[in-house]
Amino acid sequence: MALTQAAERAALNKLIDYLDEDPKAHIDKIMALVDRLVPESVLTSQRRAFDTAIRERNNWYRLMMRIFDLNPAVRTKLLKVLIADCSILGWPMQEKMREEHQCNIPYAILLDPTSACNLHCTGCWASEYGHALNLSLEDIDSIICQGKELGCHLYIYTGGEPLVRRNDLIALCEKHQDCAFLCFTNATLIDEAFCQDMIRVGNFVPAISAEGDEATTDARRGRGTHAKIERAMALLKEHGLPFGISCCWTRENADTVATEENMDWMIGKGALFCWYFHYMPVGAASPASLMPTPEQRERMYHFVRDMRHKKDLFTLDFQNDGEYVGGCIAGGRRYLHINAAGDVEPCVFIHYSNANIHDVSLLEALKSPLFMKYYESQPFNDNHLRPCPMLENPYELGRMVAESGAHGTDLVEPETPEELRRKTLPGAADWKPVAERIWRDEADPMHAKRAEGPRQGMAESDLKRFERLKK
């Protein structure tokens, strides 16, 4: 008889307790124990990557050991929720729901507790949103409860500056101990009291916005911001608390960001991960001139992959890593975004919607016309180095908005898909030949995987969707 989910969670938590007792002594046995408990079909490639890291004692192994240096009051609780609830238990439930409802079901839900922010950073979609709107505590709680019914246990706060609502966010951490919460933050509101709250709840992780050196950061985000970021990092490190970096890279800072010196700076400060976001010219006031050049993007492609073999830092380059996840992950395929007005958007950068969470359920939003256009259309390109319907396939976004009747949701100055396309079309044309050259490069380590075609990086539910839609 199959284990019930509660029994499987208890068994997984016991394994994590065993590992936590003596990580260096017990880690060699842990994957064999996981394999005995978890079906081979669940997160197979991820489990094999962990197994390889442990056997080879490589930089990813060093990162694991850094995690076990965290505050013990936090690390065990966080590992349990990330490994058990978010992944090993959550993923099969999400796959089941994808098949049952024949729509996208997210692995993570991004939401804006507030539109308010104390900074006005160039290139940040939140800077367009104004300061008046909030999702209530009850709104957010309802979203989380609905998401858990679909198997989603990872919630990511964007904004605005989410920590304006810090008391509510901590209350939600307390209530939903089977969820992990990540928060994109400018770090200026992180203080001793907040660190104590993080220790108490154990399932909250900041992702601090940082773009390299002091001059680069302060130029985009305001004078003195870099110093405040470093103070927050020092406080988190002092308490042994997990955090990472969120880096928006632009034409102006790309050459500063893509350096080993910057990577070592993040590790030295105590960061465990870095999420790289390609600048998007979203919003009427966001200039296309800040978009990285094709040469900078290609350099970032090679830089991140090189550092993954050297540094004990988990990195994701969302625009260049599409081949690992089968292209675009928006539209609920792996995530969606809910803004502070309640509009359910396919992506944090795609400000169009058919559904508002105040009027429909989360599942109804996932079945709304725009989200179903994503479901039917993904991937938008056979070359997963060109995944986005806005940035690399700019006619696709306008088509889906028109066919679904979606409306603009920008909270300050709505931008039509045609206006946005005028900004992204030249960059898409410039990047296409570079992406095609890299994709076909037989010397690239990913070349053999690319021979699998557009289904590379797809889940079982994606393959069944292809069959139904005859893609």
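In this predicted model, Asp197 is buried, with a relative accessible area of 18%. That value falls under the 20% limit, so Asp197 counts as buried. Its partner is Arg200: the two side chains meet in a salt bridge, with N and O 2.8 Å apart. Arg200 counts as partly exposed, at 43% relative accessibility. Its value lies between 20% and 50%, and therefore Arg200 is neither buried nor exposed. Both residues belong to helix H9, which covers residues 192-201. They stand 3 residues apart, about one turn of the helix.

Asp35 pairs with Arg47, and the closest N and O atoms are 2.8 Å apart. This pair links distant parts of the chain. Asp35 sits in helix H2 (residues 23-37), whereas Arg47 sits in helix H3 (residues 44-56). The two are 12 residues apart. Arg47 is buried, at 5%.

Lys373 and Glu403 form a further bridge, with an N to O distance of 3.1 Å. This pair too links distant parts of the chain, its members being 30 residues apart. Lys373 lies in helix H16 (residues 369-377) and Glu403 in helix H17 (residues 394-404). Glu403 has a relative accessibility of 46% and counts as partly exposed.

Salt bridges can also form groups. Arg305, Arg308, Asp321, Glu323, Asp444 and Arg450 are linked in a network of salt bridges. Across the whole structure, 36 salt bridges were found.

The search then turned to empty space. Rolling a probe the size of a water molecule over the atoms shows where such space is left. The whole structure has 4 cavities of 30 Å³ or more. The second largest cavity holds about 80 Å³ of space. Its lining is made up of His278, Met291, Pro292, Thr293, Pro294, Arg297, Leu391, Glu392, Gly427, Ala428 and Trp431. Two helices, H14 (294-308) and H18 (417-440), are the elements that give two or more residues to this lining. H18 provides the largest share, with 3 residues. By class, the lining of the second largest cavity has 6 nonpolar, 3 polar and 2 charged residues.

Technical notes
Residues numbered from 1 in each chain as written. Predicted model: local features only at pLDDT ≥ 70, side-chain atom pairs only at ≥ 80, totals over all residues. Heavy atoms only, no water. 1 Å grid on protein atoms, 1.4 Å probe; cavity = no way out; pocket = protein on both sides within 12 Å on 5 of 7 lines; lining within 4 Å. Points joined across faces, edges and corners; volume = space filled by probe spheres on them. Helix = DSSP H or I, 4+ residues; strand = E, 2+ residues; numbered from the N terminus. Nonpolar A, V, L, I, M, F, W, Y, C, P; charged D, E, K, R; others polar. Salt bridge = Lys/Arg side-chain N within 4 Å of Asp/Glu carboxyl O. Buried < 20%, exposed > 50% of the residue type's maximum accessible area, 1.4 Å probe, protein only.
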